[in-house]
Amino acid sequence: WQKKNNKKMQQKRKEWEAKRATGECPEPQERSTDENGEEEKEKFTPSPYDTIPYVPPATWDEDALSERTTSLGFVEYKKYEEVEDEWRRRVRISCFPPTEEEAKRFELHKCLRSLPQDMDTGGFFVTLFKKVKPLSKDATERMAAMARESRGGVEADAHKKKEAAEDKKEQPAKDNDGDGDAVMTDSPAAEEKKSEEKSEAEEPVVKKAPTGKVGQHKHRADLGNEDFIPSDPSIWPAISEQYGLPATFPKEQFMVRSTGDAKVIYFITKSIKEELIDHGIQNRVTVINSGLKGFERCSIQEKSAKYRVNQEAIQYVVPYMTKRLISADMDDFYACINDGFLKLDSFSESFQNSIKELSPGSFVVALKGYEKDVAKKMYLSMWRRPNCINCFVAKVEMEGLVSKMRALGYVAKVKEQETEGKDSGAAASTA
């Protein structure tokens with residue numbers, strides 16, 4: 001009581017009483033009581049829009065949204081002037097949309113607003129900046145140095161030291177370009193000392209000797225700095241013959257790095273190739289990574305094509321394959337998702353016969369019913385050996401494929417047998 005009846009509270013009461021006397025503040029409402037003298041609670045009427053699951057409105061016009069807002073117990077303010085004074089510290093003017101003049105001045109029609117409730121993210125804006133004039137000389141030199149550094153490193157360091165030496169040379173000239181005032185100069189001994197330091201700074205950069213064991217390659221090509229170029233047409237006849245690829249297969253979207261050693265053939269989307277790579281984007285920036293591995297050269301394969309299908313872009317190759325493609329049921333497909341050498345007798349007889357018809361090399365297993373479903377990607381990159389097969393899929397993706405099969409309602413037979421054994425054991429112990 002002492003805390004509520006201090007000088008500050010007494011002053012506030014006097015202010016409220018003065019406001020009530022002038023009509024600025026409404027009189028306090030008397031609380032209604034029931035027959036027992038208890039305070040009557042306000043009757044709550046649930047809103048017809050408060051449903052589980054959520055049902056979106058039939059129309060998104062302003063009247064429908066206002067009705068829904070009011071029925072849910074909210075108070076709608078269409079403009080900042082409608083907000084009460086005591087609420088203006090919480091409901092600020094920035095909560096309301098800008099006026100037409102403000103939107104035109106800030107050119108908000110060029111921005112895209114992403115709402116958190118629609119994108120499952122925080123609220124943010126997306127806008128596009130346009131370069132209207134060339135960069136300054138200093139900025140151009142810095143960008144060129146960064147490009148050289150990303151591709152080499154040593155040349156960029158030499159450029160930086162040379163640029164620093166030139167700045168030192170130009171600095172005295174700039175200091176002397178005054179309005180005729182006298183300039184203090186160093187003594188001859190100090191100038192001689194500075195010239196010696198400058199000559200030491202301008203010494204050429206000496207490359208360090210390569211480290212490593214004797215007999216190793218001096219430098220292994222860094223694929224992250226090599227451009228994407230069209231693949232050699234001479235490699236495609238053998239690949240098309242082995243996997244039965246038709247003439248409509250998009251070979252132009254499969255590119256290699258410009259190292260002269262096409263170990264990996266990458267699949268590049270049509271939009272990236274036509275709108276970026278074909279327009280010379282690699283002449284201005286360094287493309288570190290792009291596309292997915294479509295084919296990879298394998299030294300094990302001798303008689304047939306030298307490239308196997310890679311799991312990364314397998315969903316873009318399988319729809320065109322007419323050879324070395326086997327459809328498997330749930331059990332055989334699940335049995336393929338394993339490490340190591342998989343013996344043929346662990347599969348069904350029909351699946352064994354399909355494998356025996358293939359020559360050693362790469363082939364693909366697709367889940368029955370999902371051969372053309374690219375989005376599901378129920379494919380496996382496999383390797384045929386004389387008496388067994390291998391699954392060339394990363395462990396993380398194997399777990400993802402198993403999760404997809406569980407979502408489709410598949411339960412492994414091994415687990416069913418284990419559950420049956422546990423149930424029989426429990427029944428025996430109960431008896």
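Predicted model: local features only at pLDDT ≥ 70, side-chain atom pairs only at ≥ 80, totals over all residues.
**Exercise 1. Decide whether N310 is buried or exposed, and find its partners.**

Solution. Begin with location: N310 sits in the loop between strand 7 (307-309) and strand 8 (325-328). Next comes accessibility. The relative accessible area of N310 is 8%, and the cut-off for buried is under 20%. N310 is therefore buried. Then list the contacts. With neighbours within four places in sequence left aside, N310 is in contact with K293, G294, F295 and E296. One of these, E296, also makes a polar contact with N310, side chain to side chain, at 2.9 Å.

**Exercise 2. Say how many salt bridges the whole structure holds, then work through three of them.**

Solution. A search of the whole structure finds six salt bridges. Side chains of opposite charge can pair when their charged atoms come close.

- D85 and R88: the closest N and O atoms are 3.9 Å apart. D85 is exposed at 63% relative accessibility, while R88 is partly exposed at 28%.
- D373 and K376: their side chains meet in a salt bridge of 3.9 Å, N to O. D373 is partly exposed at 25%, and K376 is partly exposed at 37%.
- K377 and E397: the closest N and O atoms are 3.1 Å apart. K377 lies in the loop between strand 10 (361-367) and strand 11 (379-384), and E397 lies in helix 12 (residues 395-407), so the pair ties together parts that are 20 residues apart in sequence. K377 counts as buried at 14%, whereas E397 is partly exposed at 25%.

**Exercise 3. Identify which members of the largest nonpolar core touch the most other members, and which element gives the most to this core.**

Solution. The largest nonpolar core has 27 residues. Within it, F333, F351, V365, L380, M382 and I389 touch the most other members. The elements giving two or more residues to this core are strand 8, helix 10 (330-336), helix 11 (349-356), strand 10, strand 11, strand 12 (388-391) and helix 12. Helix 12 gives the most, with four residues.

Now take F333 as a case. Not counting residues up to four places away in sequence, F333 touches A328, V365, A366, L367, M378, Y379, L380 and M405. Two residues in that list, V365 and L380, are also among the core members that touch the most others.

**Exercise 4. Give the number of residues in the second, separate core, and name some of them.**

Solution. This second core has 21 residues. Its members include L245, F249, I314 and M321.

Conventions
Residues numbered from 1 in each chain as written. Heavy atoms only, no water. Buried < 20%, exposed > 50% of the residue type's maximum accessible area, 1.4 Å probe, protein only. Polar contact = N/O pair within 3.5 Å; in protein donor to acceptor, adjacent residues only side chain to side chain. Contact = heavy atoms within 4.5 Å. Salt bridge = Lys/Arg side-chain N within 4 Å of Asp/Glu carboxyl O. Core = buried A, V, L, I, M, F, W, Y, C linked by side-chain atoms within 4.5 Å.
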